[in-house]
Amino acid sequence: MTTATNRRHERRISPVFLAIVAVMAVTGWAVWTDFAASPGLAVFLFVTSAWVVSLCLHEYAHARTALHGGDITVGAKGYLTLNPLAYTHAVLSVVLPVLFVIMGGIGLPGGAVFIERGRVHGRWKHSAISAAGPLANVLFAVVCTAPFWLGALDGVPVAFRFALAFLAFLQVTAAILNLLPVPGLDGYGILEPWLSYKVKRQVEPFAPYGFFVVIALLFVPAVNGAFFDVVDTLLRSLGVPEITRYCGSQLFRFWESAPEFCGV
């Protein structure tokens with residue numbers, strides 16, 4: 001194989017990712033047309049598949065930025081194919097975030113792709129690599145909320161509206177959590193290149209536990225309340241009412257009965 005052929009192969013979109021996109025498209029159509037016998041199940045499949053797509057785009061953004069920053073190994077690792085099975089920690093990157101959506105209804109940060117930082121030179125490049133993932137979530141949230149802040153909800157079926165609101169909620173929570181300046185998360189990765197060598201050495205042992213510390217803190221009522229206040233404020237600024245997001249989360253949990261006031 002020539003070098004050019006190798007590069008094309010390394011950047012070819014994975015059939016796994018295309019299959020997930022197909023599930024998202026079909027179930028999204030089922031929600032929009034009210035074709036599904038169980039609208040809750042259709043919303044569940046649509047939101048879950050769309051959430052996995054966003055996780056893939058998050059990791060792809062890290063990898064693509066790293067490629068342009070100097071780490072040419074990301075292609076050979078399969079990170080540019082959008083295949084979630086190619087990630088260093090597939091369980092952390094996909095399975096665990098999906099389980100948290102099902103159990104707790106929040107967008108959990110996934111495990112990052114492995115970037116060979118030694119190949120990347122320049123603090124701005126290192127910061128950009130870390131920032132690229134959360135930025136993908138932000139852009140996804142903007143797309144999901146566009147019908148709300150553009151006032152283009154006429155004709156949008158109520159179930160689809162609820163699904164978009166809940167999906168936007170997941171993107172916003174994921175972006176906020178990822179941007180926290182906690183070791184092991186992207187927010188700290190943005191700051192790390194600008195810290196002194198001494199500080200980085202002191203913080204390094206705690207990096208594997210930062211993710212779990214954040215999750216534990218979310219169970220503290222005061223922290224949990226402050227976090228969701230920020231999330232709700234951001235969603236309202238994007239035109240998404242809290243009740244719409246709430247009904248979306250209730251419809252997503254199709255195994256439970258949605259409140260009558262949700263109108264589905």
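User: In which helix is the place of glutamine 250?

Analyst: A caution first: this is a predicted model, and what follows should be read with that in mind. Helix 11 covers residues 242-252, and the place of glutamine 250 is in helix 11.

User: Is glutamine 250 buried or exposed?

Analyst: Leaving aside its neighbours within four places in sequence, glutamine 250 is in contact with Glu256 and Pro259. Its relative accessible area is 15%, and the cut-off for a buried residue is under 20%. Glutamine 250 therefore counts as buried.

User: How many Å apart in space are glutamine 250 and cysteine 262, C-alpha to C-alpha?

Analyst: Along the sequence, glutamine 250 and cysteine 262 are twelve residues apart. In space, taken from C-alpha to C-alpha, the separation of glutamine 250 and cysteine 262 is 8.7 Å.

User: Are helix 6 and helix 11 roughly parallel or roughly perpendicular to each other?

Analyst: The axes of helix 6 and helix 11 come within 7 Å and cross at roughly 100°. The contact involves Ala159, Arg161, Phe162, Ala165, Phe166 and Phe169 on the side of helix 6, and residues of helix 11 including Arg245, Cys247, Leu251 and Phe252. By class, this contact of helix 6 with helix 11 has eight nonpolar, three polar and two charged residues. Given that angles of 65 to 115 degrees count as roughly perpendicular, helix 6 and helix 11 are therefore roughly perpendicular.

User: How far apart are the end C-alpha atoms of helix 6, against the span that its 21 residues should have?

Analyst: Helix 6 runs over residues 158-178, and at 1.5 Å a residue its 21 residues should span 30 Å. The separation of its end C-alpha atoms agrees with that expectation, at 30 Å.

User: What is the crossing angle of helix 3 and helix 5, and are the two roughly parallel or roughly antiparallel?

Analyst: The axes of helix 3 (residues 39-69) and helix 5 (residues 123-149) come within 8 Å, and they cross at roughly 155°. Because angles over 145 degrees count as roughly antiparallel, helix 3 is placed relative to helix 5 as roughly antiparallel.

User: By class, which residues has the contact of helix 3 with helix 5?

Analyst: Helix 3 passes helix 5 in a right-handed crossing. Among the residues that make the contact are Val53, Leu57, His58, Ala61 and His62 of helix 3, together with Ile129, Ala132, Pro134, Asn137 and Phe140 of helix 5. Sorted by class, the contact of helix 3 with helix 5 has eleven nonpolar, eight polar and one charged residues.

User: Is the crossing of helix 2 and helix 3 left-handed or right-handed?

Analyst: Helix 2 (residues 15-33) packs with helix 3 at an angle of about 145°, and their axes are 8 Å apart. The residues that meet include Phe17, Ile20, Met24 and Val31 in helix 2 and Leu45, Phe46, Val53 and Cys56 in helix 3. By class, the contact of helix 2 with helix 3 has 15 nonpolar, three polar and no charged residues. The crossing of helix 2 and helix 3 is left-handed.

User: What is the relative accessible area of glutamate 59?

Analyst: The place of glutamate 59 is in helix 3. Glutamate 59 is buried, and its relative accessible area is 2%.

User: Near what value is phi of leucine 82?

Analyst: The place of leucine 82 is in the loop between helix 3 and helix 4 (90-103), and leucine 82 is buried, with a relative accessible area of 9%. Most residues other than glycine have a negative phi. Phi of leucine 82 is positive, in a residue other than glycine, and its value is near 65°.

User: Which residues does tryptophan 149 touch, not counting residues up to four places away in sequence?

Analyst: The place of tryptophan 149 is in helix 5, and at 41% relative accessibility tryptophan 149 counts as partly exposed. Not counting residues up to four places away in sequence, tryptophan 149 touches Val142 and Leu238.

Methods
Residues are numbered from 1 along each chain as its sequence is written. This is a predicted model: local features need pLDDT of at least 70, side-chain atom pairs count only at pLDDT 80 or more; totals for chains, interfaces and linings use all residues. Side-chain values use heavy atoms; hydrogens and water are left out. Axes are lines fitted to C-alpha atoms, for helices over the stretch in contact, and angles run from 0 to 180 degrees between N-to-C directions. Helices (H or I, at least four residues) and strands (E, at least two) are DSSP runs, numbered from the N terminus. Angles under 35 degrees count as roughly parallel, over 145 as roughly antiparallel, 65 to 115 as roughly perpendicular and the rest as oblique. A crossing is left-handed if the near helix is turned anticlockwise from the far one by less than a right angle, and right-handed if clockwise. Contact means heavy atoms within 4.5 Å. Ala, Val, Leu, Ile, Met, Phe, Trp, Tyr, Cys and Pro count as nonpolar, Asp, Glu, Lys and Arg as charged, and the others, Gly among them, as polar. The expected span of a helix is 1.5 Å times one less than its number of residues. Buried means under 20% relative accessible area, exposed over 50%, partly exposed in between (1.4 Å probe, protein chains only).
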